[in-house]
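Hi,

Here is the structure I promised to pass on.

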Amino acid sequence: MNIGIIGAGAMARAIAFHAIRVGHDVMLSNTRGVSSLSGISKSLNCQVGTPSDAAKFGDIVIAAVPLYAISNLPEDELKGKIVVDPLNYFPHRDGDIFELKKGLITTSELLARALPDAIVVKGFNSITVDDLVKDSRTLNALDRRAIPIASDDPEAKQKVAEFVQQLGFDVVDAGILKDSWRFERFRPVYCVALKKDILKQRLLATTRDTWVPDGYWLFNRMV
């Protein structure tokens, strides 16, 4: 499968590393030009291009950009594409977004609004880059970690679930995009290493009033 990644930061490279390791073809991209990606291309053995190139290339496209940059995504090239959303809202970086601050919308719904003809799947936002690199496990490993995903499209969600499983993680279906607040920042499962059954339980137990402090995951590991 072709995996297009818009972005070339740490999260983009971590996903690319695992995807290439299990046999997928990957294209990383940025807006600074292909020459700026030559070192990454050699180290990962991946293709590189512009965001438009990556959007056209990918059977699945990862939008590994800051939330404030979603208006710059190549909307035309992403029409009909499965777009994985690993984004989180950081007000100090992304600005004051009233709907997000008040919980009126999820980051994925915001992305889907910016890309009305794409098929958005929330995933990879609730794991740190370091953990994504080191927590991958073989199928049926006793300490295999689970990752929540959400989408309004069941077929796209299943395709992304299979991809995540190939990378070395179990998957928990967390519902549709409007339900994805349960694994956004400041929620109990955000970036916490959990096995599949426990992740399911904690997602179900999370209410709108359930909050944890920033950095909660640092002191809460595998259950």
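Predicted model: local features only at pLDDT ≥ 70, side-chain atom pairs only at ≥ 80, totals over all residues.

Let's begin inside. The largest nonpolar core has 35 residues, and the ones that touch the most other members are Ile-5, Ile-15, Ile-62, Phe-124 and Phe-163. Quite a few elements give two or more residues to this core, including strand 1 (2-6), helix 1 (10-21), strand 5 (82-85) and helix 8 (154-167). Another core lies apart from it, with 24 residues, among them Ala-54, Leu-73, Leu-78 and Leu-87.

Now the aromatic rings. How many aromatic pairs are there? The count comes to two. In one of them, the ring centres of Phe-124 and Phe-163 are 6.4 Å apart and the planes meet at 80°, which makes the pair edge-to-face because the angle is over 60 degrees. This pair links distant parts of the chain: Phe-124 is in the loop between strand 6 (119-122) and helix 7 (129-134), while Phe-163 is in helix 8, 39 residues apart.

Tyr-190 and Trp-217 also pair edge-to-face, with centres 5.7 Å apart and planes at 85°. Tyr-190 sits in the loop between strand 8 and helix 9, and Trp-217 in the segment after helix 9, so the pair ties together parts 27 residues apart in sequence. Tyr-190 is buried, at 7% relative accessibility.

You'll find Arg-182 in the loop between strand 8 (170-173) and helix 9 (196-205). Is Arg-182 buried, exposed or partly exposed? With a relative accessible area of 25%, Arg-182 is partly exposed. Beyond its neighbours within four places in sequence, Arg-182 is in contact with Arg-187, Val-189, Leu-203 and Thr-206. Thr-206 is 24 residues away in sequence, yet the C-alpha atoms of Arg-182 and Thr-206 are 6.3 Å apart. As for Arg-187, it lies over the face of Trp-211, 3.7 Å from the ring centre.

Last, the cysteines. The structure has zero disulfides. Cys-46 is buried at 7% relative accessible area, and Cys-191 is buried at 4%.

Happy exploring!

How values were computed:
Residues numbered from 1 in each chain as written. Heavy atoms only, no water. Helix = DSSP H or I, 4+ residues; strand = E, 2+ residues; numbered from the N terminus. Buried < 20%, exposed > 50% of the residue type's maximum accessible area, 1.4 Å probe, protein only. Contact = heavy atoms within 4.5 Å. Disulfide = S-S within 2.5 Å. Core = buried A, V, L, I, M, F, W, Y, C linked by side-chain atoms within 4.5 Å. Phe/Tyr/Trp six-rings, centres within 6.5 Å; stacked < 30°, edge-to-face > 60°. Lys NZ or Arg CZ within 6 Å of the ring centre and 35° of its normal.
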